[in-house]
Each structure stands twice: as structure tokens, then as C-alpha cells.
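Me: I am new to this structure and would like to learn how to read it, one feature at a time. Could you take me through it slowly?

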Amino acid sequence: MMDDTNHWVFGYGSLIYKVDFPYLQREVASIRGWERRFWQGSHDHRGTPEAPGRVLTIIPSPDRECLGMAYLVEHEVFEHLDYREKNGYERREIGIRMRDSGDQVEGLVYFAARDNPAWMGPAPIARIARHIERSHGPSGSNRDYLFDLAKALRALGADDPHVFELERALRIVLEQTSGGL
Ligand code: SIN
């Protein structure tokens, strides 16, 4: 149901801190009933087809609220965003709540479903941290994806046990492998 008007897009991962697209408006916002997970493979940004990295998707979680950033964009921007998010993500409609105004809008989110070819799924936190530590791709290191995300979430005041636990686990792995950051 896309037309040529403007659309709200909700970012929960790299779309929060890597804004390489024009937007008309930006608001801290949340989606209710979802939470972040590093369960999606990355063949094209933070890994390669031979050695995929691990990046975010969202999973349904009835009691949680996922804080992120909403952008109002012109229709043309989807050409860029669809290309950027092509590795297993699909656009899906979602209700977005703006933090400051409390306004609710209908928008879109890039969602990686379980049946997509790059899906990796759950694993113990320590194993995900080791995977992230060794992964790199054309957009940079997988560890920077996690560290930049954690920094951005902290700045927003987000409560995200999965991300912050993973950040701590990655720091431990880095201390063990290279004598620290
Ligand atoms: C998003 O940021 O909303 C989608 C996942 C990503 O690109 O990290």
C-alpha cells in the first residue's frame, strides 16, 4: 500500500545512528510489542557471504516497547533504503508512538522474518559476542555496529537488556583476545 506521499519509517538498528538519507522530520519514537535481537545475518554490511556478521531484527514481545527513531521521508527515499536493507529485510506496516508528543502514526519498519535466507536465529550471548568480534564487511566491523548502537541507545535513555548485555560480553571477548580496547 505505497503511494507517492511521505511516510514514517521506524529505525531500531543502524537506522538510528547511520542516517545516510534525507528526511523531513525526525522524532524519538517507539513500537509497542517488539524487541531487538541480533538474530539476523549480514552478508553485505557487517560480514560477507562466506562469513556473515550478526545484526538486528525485531521479534514480537508483548510486554516490551522498542525505542528508536522515526523519520518522515519522501517516497523516493525507499529506493535507497530498500537497497540498504536488502539482505533479508522486508518493509512492514507498524504503529509508531512519538515520545515527545505521544502522537501515534502508522509507518513502516524493516523487518527480517525467520524464513529469510540470511536468518541466523538465537544463540547464547557469549557466542553472539564472539561472532560479532570476528566479523567485518563493506560497511565496517560488526563490533562497531554494536558499539554505535549501544551508544545511541544510551543517549536515548533506552532500556535494552539484550543489547547492553551483548555489549558487555563483547568487551570481555575483546579484553581476552587483544588485551583490551
Ligand atoms: C533498522 O535499523 O531499523 C533496521 C536494521 C538495521 O539496518 O540495522
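This is a predicted model: local features need pLDDT of at least 70, side-chain atom pairs count only at pLDDT 80 or more; totals for chains, interfaces and linings use all residues.

Me: Is Ile59 buried or exposed?

Reply: The general idea is to compare the relative accessible area with a cut-off, and buried means under 20%. Ile59 has a relative accessible area of 12%, so it counts as buried.

Me: Which residues does Ile59 touch, once those up to four places away in sequence are not counted?

Reply: Leaving such neighbours out shows what the fold brings together, and for Ile59 the list is Gly33, Trp34, Glu35, Arg37 and Trp39. Gly33 is 26 residues from Ile59 along the chain, and the C-alpha atoms of the two are separated by 8.5 Å.

Me: How many helices and strands does the protein have, taken as a whole?

Reply: There are five helices and seven strands, and reading from the N terminus their order is β-α-β-β-α-β-β-α-β-β-α-α.

Me: What does the radius of gyration tell me about the protein?

Reply: One sets the value beside that of a compact globule with the given number of residues; for 181 residues this would be near 16 Å, and the protein has 16 Å, so the two agree. Along the principal axes, the C-alpha atoms fill a box of roughly 50 × 30 × 30 Å. Buried residues account for 53% of the 181, and among contacts between residues at least 6 apart in sequence, 74% join residues at least 24 apart.

Me: Which residues have the most contacts inside the largest nonpolar core?

Reply: That core has 58 residues, and Phe38 and Ile96 are the ones with the most contacts inside it. Strand E3, which spans residues 53–73, gives the most to this core, with 11 residues.

Me: Where is Tyr110 placed, and what is its relative accessible area?

Reply: Tyr110 sits in strand E5, residues 104–112, and because its relative accessible area is 3%, it is buried. Leaving aside neighbours within four places in sequence, Tyr110 is in contact with several residues, among them Val9, Tyr12, Phe78, Leu81 and Tyr89. Of these, Leu81 lies 29 residues from Tyr110 along the chain, with 9.0 Å between their C-alpha atoms.

Me: How should I read a helix, and which residues of helix H3 are buried?

Reply: An α-helix has 3.6 residues a turn, so residues three or four places apart point the same way. In helix H3, residues 125–134, the buried ones are Ile125, Ile128, Ala129, His131, Ile132 and Glu133. These buried residues pack against strands E2, E3 and E6 and against helices H4 and H5.

Terms used:
Residues are numbered from 1 along each chain as its sequence is written. Side-chain values use heavy atoms; hydrogens and water are left out. Helices (H or I, at least four residues) and strands (E, at least two) are DSSP runs, numbered from the N terminus. The radius of gyration is taken over C-alpha atoms; the globule rule is 2.2 Å times the number of residues to the power 0.38. Buried means under 20% relative accessible area, exposed over 50%, partly exposed in between (1.4 Å probe, protein chains only). Contact means heavy atoms within 4.5 Å. A nonpolar core is a set of buried Ala, Val, Leu, Ile, Met, Phe, Trp, Tyr and Cys residues joined through side-chain atoms within 4.5 Å.
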